[in-house]
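Open the structure in your viewer and try each task before reading its solution.

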Amino acid sequence: MEKIWQVVIVDIHPTSMLGTKLILEEQQDLTVRGMTSTGTEGLELVSMHKPDLILMDYRLPEGQADQYIAQMKMLSNHTHIIILTDEENVKLFRHLMSIGASGMLSKQASPSQLIHLISGLREGYVSIPMAWLNSEDWGQPVDSKTEPYFIELTETETFIMERIVQGVTYDKIASEINVSRRSIDNYLRKIYVKLEVSSRAQAIERYALYARQSKTLS
């Protein structure tokens, strides 16, 4: 028997979330460990359970799922993330894959399509609609923002970003490295310049990509 995959569901629609849970648990090799409707609580569930799979709505109360993909992958690098969305298009799929997702599925997809996608991930494959292969967007270059970032964060800057990804407050980070709160702001300004971002959410997303690529290069 295959390993039982632990699953977390993040969906803004309670009825849809319950329906997805029932579909998954009809399979002997899937079990739902937690459900929530917000990205913030989703991060807590991922930190707690280190699931094999996350099914996450693209549009969450706090905004789009992009920033949470990055944070979840930092918390649990082995976890597969499938994004559920009404915006079924190649550009969005390629963007999501570039920041750490393992797949994308239409909310109108059938239960068998969902299970097929998950089964493919178990075998190391990603499933896509065949129609996408004929799309003009399929052969377009990936956005330059997804190219490797050959930058160097200092040890302190790296520690600060890792703690931010984990959801630690700036005040607590300051106390952990024995500096003032204002010093954390100064560090963040330098980090933002190196990562070429202007906000905390962008920094988290970019740092997750930077960290993965750094591991690959090493």
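The exercises below concern a predicted model, and each is followed by a worked solution.

**Exercise 1.** Describe how helices H1 and H5 pack, and classify their crossing.

*Solution.* Two packed helices are described by the angle between their axes and the distance between the axes.

- Step 1: H1 covers residues 14–25 and H5 covers residues 111–122; their axes come within 11 Å and cross at roughly 60°.
- Step 2: Angles of 65 to 115 degrees would count as roughly perpendicular and those under 35 degrees as roughly parallel, so H1 and H5 are oblique to each other.
- Step 3: For the handedness, H1 passes H5 in a right-handed crossing.
- Step 4: H1 contributes Thr20, Ile23 and Leu24 to the contact, while H5 contributes Pro111, Leu114, Ile115 and Ile118.
- Step 5: Sorted by class, the residues of this contact are six nonpolar, one polar and no charged.

**Exercise 2.** Decide whether Leu114 is buried or exposed, and list what Leu114 touches.

*Solution.* 

- Step 1: Leu114 sits in helix H5.
- Step 2: Its relative accessibility is 7%, and buried means under 20%, so Leu114 counts as buried.
- Step 3: Leaving out residues up to four places away in sequence, Leu114 touches Thr20, Ile23, Leu24, Leu55 and Leu105.
- Step 4: For a spacing check, Leu114 lies 10 residues from Met104 in sequence and 9.8 Å from Met104 in space, C-alpha to C-alpha.

**Exercise 3.** Repeat the packing analysis for H2 and H3.

*Solution.* 

- Step 1: The H2 and H3 axes come within 9 Å and cross at roughly 15°.
- Step 2: Because that angle is under 35 degrees, H2 is roughly parallel to H3.
- Step 3: The H2 and H3 crossing is right-handed.
- Step 4: On the H2 side the contact uses Gly39, Thr40, Gly42, Leu43, Val46 and Ser47, which meet Tyr68, Gln71, Met72 and Leu75 of H3.
- Step 5: The class tally for H2 with H3 is five nonpolar, five polar and no charged residues.

**Exercise 4.** Find which residues touch the most other members of the largest nonpolar core.

*Solution.* 

- Step 1: This core has 24 residues, and Ile54, Met56, Ile69, Met72, Ile83 and Leu96 touch the most other members.
- Step 2: At least two core residues come from each of strands E1, E3 and E6 and helices H2, H3 and H4.
- Step 3: Take Ile83: beyond four places in sequence, the residues Ile83 touches include Met56, Ile69, Leu96 and Leu105.
- Step 4: A second, separate core holds 20 residues, among them Ile160, Val168, Ala174 and Tyr207.

Note on methods. Residues are numbered from 1 along each chain as its sequence is written. This is a predicted model: local features need pLDDT of at least 70, side-chain atom pairs count only at pLDDT 80 or more; totals for chains, interfaces and linings use all residues. Side-chain values use heavy atoms; hydrogens and water are left out. Axes are lines fitted to C-alpha atoms, for helices over the stretch in contact, and angles run from 0 to 180 degrees between N-to-C directions. Helices (H or I, at least four residues) and strands (E, at least two) are DSSP runs, numbered from the N terminus. Angles under 35 degrees count as roughly parallel, over 145 as roughly antiparallel, 65 to 115 as roughly perpendicular and the rest as oblique. A crossing is left-handed if the near helix is turned anticlockwise from the far one by less than a right angle, and right-handed if clockwise. Contact means heavy atoms within 4.5 Å. Ala, Val, Leu, Ile, Met, Phe, Trp, Tyr, Cys and Pro count as nonpolar, Asp, Glu, Lys and Arg as charged, and the others, Gly among them, as polar. A nonpolar core is a set of buried Ala, Val, Leu, Ile, Met, Phe, Trp, Tyr and Cys residues joined through side-chain atoms within 4.5 Å. Buried means under 20% relative accessible area, exposed over 50%, partly exposed in between (1.4 Å probe, protein chains only).
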